[in-house]
Amino acid sequence: MKSRIQIGTVGALVAILMAAAPARAQVGENLGLLNPNLATEEQLAALPGLDAAAIGALMEARPFLRMADLHAVVAEHVGPEGHEAVYRALFVPIDLNDVTDDEILLIPGVGNRMLHEFEEYRPYAALAQFHREIGKYVDDEELARLAQYVYVRIDLNTASEEAILSIPGVGARMQHEFEEYRPYTSMAEFRREIGKYVDEDEVERLARYVEIR
């Protein structure tokens, strides 16, 4: 029979290995939240509080590289009382390690207490860390809702296929292009190579989800 010390040691080793295992998907699973950089005019028209002028302004201003950029446009067309309804349906995912307090507070249902929890565990090495830490404070359903709004940048040279495909708007073809040019030595190289397939705005939209470690 194994001693308590042996069992404890094995348990600790398993915990360490699980923590060290690379997370696969690094962008929260989408449960219906629209990305303003990818949404069609028809999809935007179905959202609460957006009139034709707001939709036109959104289409004209994209790509939005930060949530603050989207909010600046929305605030011109929707009163403060309508912001939450819009952001329950439309949001620019935020980089957990590069986001302002104001951007975090735009997530519906997030107040100062949860803002503190978001920030307490920085830097996030993986989205799994967000799930583990924020899951201490909310139930599974709320955790899944919050995860839609966030991401952790993936390492271009080691990211799994699943992690690359979790980037909004990336399909199998672009996933192949991401991998074809490994190893990347700089973000300039990424922009140059991926710029062969998409325009400059799309390159910048994709670049916000990746890094070289």
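Modeller: A salt bridge is a side-chain nitrogen of Lys or Arg within 4 Å of a carboxyl oxygen of Asp or Glu. By that definition, the structure holds 11 salt bridges. This is a predicted model, in which local features need pLDDT of at least 70 and side-chain atom pairs count only at pLDDT 80 or more, whereas totals for chains, interfaces and linings use all residues. Residues are numbered from 1 along each chain as its sequence is written, and side-chain values use heavy atoms, with hydrogens and water left out.

Colleague: Which residue forms a salt bridge with Lys-136?

Modeller: The partner is Glu-133, and the closest N and O atoms are 2.5 Å apart.

Colleague: Is Glu-133 buried or exposed?

Modeller: Glu-133 counts as buried because its relative accessibility is 11%. Buried means under 20% relative accessible area, exposed over 50%, and partly exposed in between, with a 1.4 Å probe and protein chains only. Lys-136, by contrast, is exposed, with a relative accessible area of 54%.

Colleague: And where do Glu-202 and Arg-205 lie?

Modeller: Both lie in helix H13, which covers residues 200-207, and they are 3 residues apart, about one turn of the helix. Helices (H or I, at least four residues) and strands (E, at least two) are DSSP runs, numbered from the N terminus. Glu-202 and Arg-205 form a salt bridge in which the closest N and O atoms are 2.8 Å apart. Arg-205 is buried, at 2% relative accessibility.

Colleague: What about Arg-213; how far apart are the closest N and O atoms in its salt bridge with Glu-211?

Modeller: They are 2.6 Å apart. Arg-213 is exposed, with a relative accessible area of 54%, while Glu-211 counts as partly exposed at 28%. Elsewhere, salt bridges that share partners join Arg-66, Asp-98 and Glu-103 into one network.

Colleague: Let us change topic. How many helices and strands does the protein chain have?

Modeller: The secondary structure comes to 13 helices and 4 strands. Of the 213 residues in the chain, 42% are buried.

Colleague: How do helices H8 and H9 cross?

Modeller: Helix H8 (residues 127-134) and helix H9 (residues 140-147) have axes that come within 10 Å and cross at roughly 140°. Axes are lines fitted to C-alpha atoms, for helices over the stretch in contact, and angles run from 0 to 180 degrees between N-to-C directions.

Colleague: Which residues meet there?

Modeller: Phe-130, His-131 and Ile-134 in H8 meet Leu-143, Leu-146 and Ala-147 in H9. Contact means heavy atoms within 4.5 Å.

Colleague: Now for Pro-93. Where does it lie?

Modeller: Pro-93 is in the loop between helix H5 (83-87) and strand E1 (94-95). Pro-93 is buried because its relative accessible area is 7%.

Colleague: What is Pro-93 in contact with, leaving aside its neighbours within four places in sequence?

Modeller: Its contacts of that kind are Asn-35, Tyr-149, Tyr-151, Arg-208 and Tyr-209. Pro-93 and Tyr-149 are 56 residues apart in sequence, and their C-alpha atoms are 4.7 Å apart in space.

Colleague: Finally, is Met-59 buried, partly exposed or exposed?

Modeller: Met-59 is partly exposed, with a relative accessible area of 25%. Met-59 is placed in helix H3 (residues 52-61). Apart from neighbours within four places in sequence, Met-59 is in contact with Ala-39, Glu-41 and Leu-44. Met-59 and Ala-39 are 20 residues apart along the chain, and 9.0 Å separates their C-alpha atoms.
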